[in-house]
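Hi,

Here is the structure I said I would pass on to you. Have a look at it first, and then read my notes below.

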Amino acid sequence: MQLNMLKAKIHRATVTQAELHYEGSCAIDGRLLDISGIREYEQIHIYNVNNGERFSTYAIRAEEGSGTISINGAAAHRAGPGDIIIICAYGVIAEAEAAAFKPSLVYVDRHNRLTHTSDSIPQQAA
């Protein structure tokens with residue numbers, strides 16, 4: 001059996017711009033792409049913390065160190081500057097590999113600067 005697992009996420013990034021009349025995609029600071037392991041043109045899912053919108057698109061590389069998170073094309077109707085989002089990428093792995101698999105979790109501040117990374121999500125308290 002194959003499992004669709006969380007490969008990487010950039011947690012609580014701040015949208016810096018929205019370009020409705022751009023071709024599409026989400027431009028992400030290249031440094032954050034590299035740290036997270038999300039590849040340019042890879043499908044990503046975006047979850048908007050501010051309004052609950054959820055949508056998928058693909059990642060494109062923005063200038064390294066710029067802090068850019070730009071929601072482009074039709075998705076610009078779902079997130080705008082200042083919104084807090086979670087960017088996720090998923091991958092398919094064999095069930096036998098799942099027990100040892102660890103995702104790449106990237107945490108940023110309100111300026112989209114790296115604060116820390118992890119390979120596990122803290123256990124949710126009751």
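Five of the five residues of S3 are buried, so the strand is largely enclosed by the rest of the structure. Buried means under 20% relative accessible area, exposed means over 50%, and partly exposed is in between, using a 1.4 Å probe and protein chains only.

Before you go further, please note that this is a predicted model: local features need pLDDT of at least 70 and side-chain atom pairs count only at pLDDT 80 or more, while totals for chains, interfaces and linings use all residues. Residues are numbered from 1 along each chain as its sequence is written, and side-chain values use heavy atoms, with hydrogens and water left out.

Now the sheet as a whole. Nine strands make up an open sheet with mixed pairing, in the order S2-S6-S3-S5-S4-S7-S1-S8-S9. At its edges sit strand S2 (17–19) and strand S9 (114–118), each of which pairs on one side only. From one strand to the next the twist averages 30°; the axes behind that angle are lines fitted to C-alpha atoms (for helices over the stretch in contact), and angles run from 0 to 180 degrees between N-to-C directions. S4 and S5 run antiparallel and are joined by five bridges.

Next, the aromatics. A search of the whole structure turns up one aromatic pair. The rings belong to Tyr 41 and Tyr 58, and with centres 6.4 Å apart and planes at 35°, the pair is tilted. (Rings of Phe, Tyr and Trp, the last by its six-membered ring, pair if their centres lie within 6.5 Å; planes under 30 degrees apart count as stacked, over 60 as edge-to-face and the rest as tilted.) Tyr 41 is in the loop between helix H1 (30–36) and strand S4 (43–48) while Tyr 58 is in strand S5 (residues 54–62), so the pair ties together parts 17 residues apart in sequence. Tyr 41 is exposed at 59% relative accessible area, whereas Tyr 58 is partly exposed at 30%.

On to charges. How many salt bridges does the structure hold? There are five, where a salt bridge is a side-chain nitrogen of Lys or Arg within 4 Å of a carboxyl oxygen of Asp or Glu. One of them joins Lys 7 and Glu 42, with the closest N and O atoms 2.8 Å apart. Lys 7 is in strand S1 (residues 2–14) and Glu 42 in the loop between H1 and S4, so this pair ties together parts 35 residues apart in sequence. Lys 7 is partly exposed at 24%, and Glu 42 is buried at 15%.

Arg 61 makes a salt bridge with Asp 34 (2.7 Å, N to O). That one links distant parts of the chain, with Arg 61 in strand S5 and Asp 34 in helix H1, 27 residues apart. Arg 61 also meets Glu 64 in a salt bridge (2.7 Å, N to O). Through shared partners, Asp 34, Arg 61 and Glu 64 form one network. Both Arg 61, at 32%, and Glu 64, at 44%, are partly exposed.

Two Asp residues are worth a look too. Asp 29, in strand S3 (residues 25–29), is buried yet has no salt bridge, and the nearest side chain of opposite charge is Arg 31, 6.5 Å away. (Lys and Arg count as positive, Asp and Glu as negative; His and the chain ends are not counted.) A polar atom of the Asp 29 side chain does lie 2.8 Å from the backbone nitrogen of Gly 67.

Asp 83 is in the loop between strand S6 (69–72) and strand S7 (84–94). This residue is also buried without a salt bridge, with Arg 12 as the nearest side chain of opposite charge, 11 Å away. Its side chain makes a polar contact with that of Asn 48 at 2.9 Å. A polar contact is a pair of N or O atoms within 3.5 Å; within protein, one must be able to donate a hydrogen and the other to accept it, and residues adjacent in sequence count only if both atoms are side-chain atoms.

Cheers

Conventions: Helix = DSSP H or I, 4+ residues; strand = E, 2+ residues; numbered from the N terminus. Pairing = 2+ DSSP bridges.
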